[in-house]
Amino acid sequence: MHDPTAPLQQHGPAEAAQPLLLDSPHSGRHFPSDFGAAVSADALRDGEDCFVDELWQPACERGVWLLTANFPRTYIDANRHAADIDLELLEGGRWPGEHRPSGKAAIGKALLWRTLDDGTPIYARKLGVAEVHERIARCHAPYHRALAERIAATHARFGISVHIDCHSMNAVSGAQGEGGAGRQRADIVLGDRDGTTCDPALTAFVREVLAGMGYEVRVNDPFKGVELVRAFADPAAGRHSLQLEVNKRLYMDEPARARHGGFDRLQRNLLALVDGLLEFTRARRTRPM
Ligand SMILES: [Zn+2]
């Protein structure tokens, strides 16, 4: 049963039934009561990959597992390392544990976001260390644990795991967007951190399938993939992760945060991609079912 107050939700079979698995870390829209933000819940949806969970949901009918976050990305970003702390957001400006800045703090988008995409501060206060620890323990850690366990179980069963980390992007970048403000995004951007998180043949395959559907596809430009494709990937050992960003203009009216007529077509095309990926992976499996 769907419990929106749970940090995450797992869709599809309880046991690994396919070598392909999906996650949507940024489609959550349950706002925890301890958020303490200074901007409205609607403004906080700025960071949301709206409907991405629903776009990929039909893959579960093929036995593909899908992990989705219920917490909003602006509360804590599952696609960051747990030690990617923005010190500017903290009381006293100091973090007592490991600190691994990714550079995302410069655009206000480290583990805990400091600003919205247009630069508006999210908080009118500093956050305490205990509060940050609590968000990590309640939301970030279980999300990463669920994904890590499923990748391990999938790999153990099939000798290969193909993980697609599913996102969406604004049609035009905001003031603090990657690559600068006012940039038109392509239809789809694939990120494999410059060929390090999956077999380049997988990236090429996904690119070809999507280009064949008429989409303009870019690779690692401007989104290379962040923590979720990095953390569990080991292409040489058969553990592949690829980030896939779809442009919101393909399926929604951004200002209204509502699906438009293009949603169904994109959803069908993504399911066709899933079928293609299952075929692609079947040929590379080292263990039979
Ligand atoms: Zn995202």
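**Zinc site, salt bridges and a buried leucine**

Arg73 and Asp77 are both buried. In this predicted model, their side chains meet in a salt bridge, with N and O 3.3 Å apart. Side chains of opposite charge can pair when their charged atoms come close. The count of salt bridges comes to 21.

Another of these pairs joins the side chains of Arg114 and Asp86, at 2.7 Å from N to O. Arg114 lies in the loop between strand 3 (65-69) and helix 3 (129-158), as does Asp86, so the pair ties together parts that are 28 residues apart in sequence. Arg114 and Asp86 are buried. Arg125 forms a salt bridge with Glu131, where the closest N and O atoms are 2.8 Å apart. Here Arg125 is partly exposed, at 31% relative accessible area, and Glu131 is partly exposed at 22%. Through shared partners, salt bridges join Asp49, Arg73, Asp77 and Arg80 into one network.

Asp49 also belongs to the zinc site. The zinc ion is coordinated by His26 (ND1), Asp49 (OD) and His167 (ND1), at 2.0 to 2.1 Å. The spacing of these donor residues in sequence is H-x22-D-x117-H. His26, in the loop between strand 2 (20-24) and helix 1 (41-44), and Asp49, in the loop between helix 1 and helix 2 (52-56), are 23 residues apart and link distant parts of the chain. His26 is buried because its relative accessibility is 1%, under the 20% limit. Asp49 is likewise buried, with a relative accessible area of 2%.

Elsewhere, Leu273 lies in helix 6 (residues 263-282) and is buried, with a relative accessible area of 0%. Beyond its neighbours within four places in sequence, Leu273 is in contact with Trp56, Val206, Val209, Leu210, Met213 and Leu244. The C-alpha atoms of Leu273 and Val209 are separated by 6.8 Å, although the two are 64 residues apart along the chain.

Conventions:
Residues are numbered from 1 along each chain as its sequence is written. This is a predicted model: local features need pLDDT of at least 70, side-chain atom pairs count only at pLDDT 80 or more; totals for chains, interfaces and linings use all residues. Side-chain values use heavy atoms; hydrogens and water are left out. Helices (H or I, at least four residues) and strands (E, at least two) are DSSP runs, numbered from the N terminus. Buried means under 20% relative accessible area, exposed over 50%, partly exposed in between (1.4 Å probe, protein chains only). Contact means heavy atoms within 4.5 Å. Donors are N, O and S atoms within 2.8 Å of the metal (3.2 Å for Na, K and Ca); water is not among the atoms, so sites may look incomplete. A salt bridge is a side-chain nitrogen of Lys or Arg within 4 Å of a carboxyl oxygen of Asp or Glu.
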